[in-house]
Amino acid sequence: MKLLFASDSLKGTITSPQTIDLLGKAANEVFGRCEWEGIPVADGGEGTADAVISAVRGERVPVTVHGPLLETVHTYYGSLDENRAIIEMAAASGLTLIPESQRDPRTTTSFGTGEMIKDALNRGFTDISIAIGGSATNDGGMGCMKALGVRFLDVSGEELNGRGEDLIRVSSIDTSGLDPRLKQVNLTVMCDVNNPLCGPDGAAYTFGKQKGGTPPVLDHLENGMINYRDIIIQKFGINPDEIPGSGAAGGLGAALCIFLGGQLKSGIETVLDLIDFDSRLNGVSLVVTGEGRADWQSCFGKVMQGIGQRCRQRGIPAVALTGSMGPGAEKIYDYGIRSIMTTVNGVMDLNEAFNRAEDLYYQGAIRMFRLIALGMEL
């Protein structure tokens, strides 16, 4: 018997690498010394770069860029080999980089994300994957494109700064200075939402509130995004609202696709391809996956869905160990996950569950493997 452990982190408590150690310890206790392998995974959100770097034994590339308020940010992206790099947009332009009292999507910019892409170009990477979750911005990707040589001009021909408040002022777009090396790059945009750029389900109204936008601010940003969209249509003959996911990351999804030719792809599918997950299934008898909470959302681009589907295609059973279960969790059975075990073993408040997370996870793994061992005996 060979086991493969591929679980997402349990947010705020246990990292993906920690789940591997705990599952391995539990498996050895129940089955004796057994063959197992673990690979960190993530779904394109927080921790994706670290998971992929660890899984392929890549390296962190340190870089200093401008944050969402143009402050200095010391961060990194991942080098997977001489050609491939992975970037987390949130590492340069993320909401967590701004104190809550200073959050305002009118004043933030994705400029630092563009600087990370440029650094990757300077180092010769030709295959770049970008995870665009967790943004602090609603600038339509203007800041990112500005860092790569695009100029956004107002009616007087003056160049704009590329913040959310500039959307309404865009009159023309000059792409003549766009870094020519981008034409030789395969750009994958890791995105799991289908929101358009504008409208009630667009960038401003769907995501702007969590970035600090009040109703009047969101109305202003929406009017600006409509103007920006219309200028893009004039320039490129492409309507961003017809691209599912163009409203992701405050419109960065639209910019990466239209200006740079990026391809939007599911975050978990991209991660599984980057770590060559399919080849790791060779000879595997059982896969253990999981995430912090299993519910109806687990079926929409999350780790358990992606792992379950790949396992089902190969006829390999997969089970999940999660922190908790919520409404609709059982829908994940339609995607190749055969059973779910939770770590919480009694009535307790959230703080207790968090404080005891490692022990609860380990004991949950013991219970899960003991049931599997019983099934093997029958």
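**Entry 1: a surface patch**
I began at the surface and found that Leu 371, Leu 374 and Leu 378 form a nonpolar patch there. Together these three leucines have about 360 Å² of accessible area. I noted for myself that this is a predicted model.

**Entry 2: Leu 374**
Next I looked up where Leu 374 sits, and it lies in helix 13, which covers residues 357-377.

**Entry 3: Ala 365**
I stayed with helix 13 and picked Ala 365, which has its place there. The relative accessible area of Ala 365 is 0%, so I wrote it down as buried, since buried means under 20%. I then checked a distance: the C-alpha atoms of Ala 365 and Arg 181 are separated by 48 Å. Along the chain, these two residues are 184 residues apart.

**Entry 4: a partner for helix 13**
I turned to helix 1, residues 16-31, and compared its axis with that of helix 13. The two axes come within 9 Å and cross at roughly 45 degrees. That angle makes helix 1 oblique to helix 13. How is the crossing handed where helix 1 passes helix 13? I found it to be right-handed.

**Entry 5: another pair**
Last, I looked up helix 9 (residues 267-274) and helix 11 (residues 303-314). Their axes come within 9 Å and cross at roughly 55 degrees, which makes helix 9 oblique to helix 11. I noted a right-handed crossing for helix 9 and helix 11.

Note on methods:
Residues numbered from 1 in each chain as written. Predicted model: local features only at pLDDT ≥ 70, side-chain atom pairs only at ≥ 80, totals over all residues. Heavy atoms only, no water. Patch = residues over 30% accessible without salt bridge, like charges linked within 9 Å, V, L, I, M, F, W, Y side chains within 5 Å. Areas by Shrake-Rupley, 256 points an atom, 1.4 Å probe, with all protein chains shown as cover. Salt bridge = Lys/Arg side-chain N within 4 Å of Asp/Glu carboxyl O. Helix = DSSP H or I, 4+ residues; strand = E, 2+ residues; numbered from the N terminus. Axes fitted to C-alpha atoms, helices over the stretch in contact; angles between N-to-C directions. Parallel < 35°, antiparallel > 145°, perpendicular 65-115°, else oblique. Left-handed = near helix turned anticlockwise from the far one by under 90°. Buried < 20%, exposed > 50% of the residue type's maximum accessible area, 1.4 Å probe, protein only.
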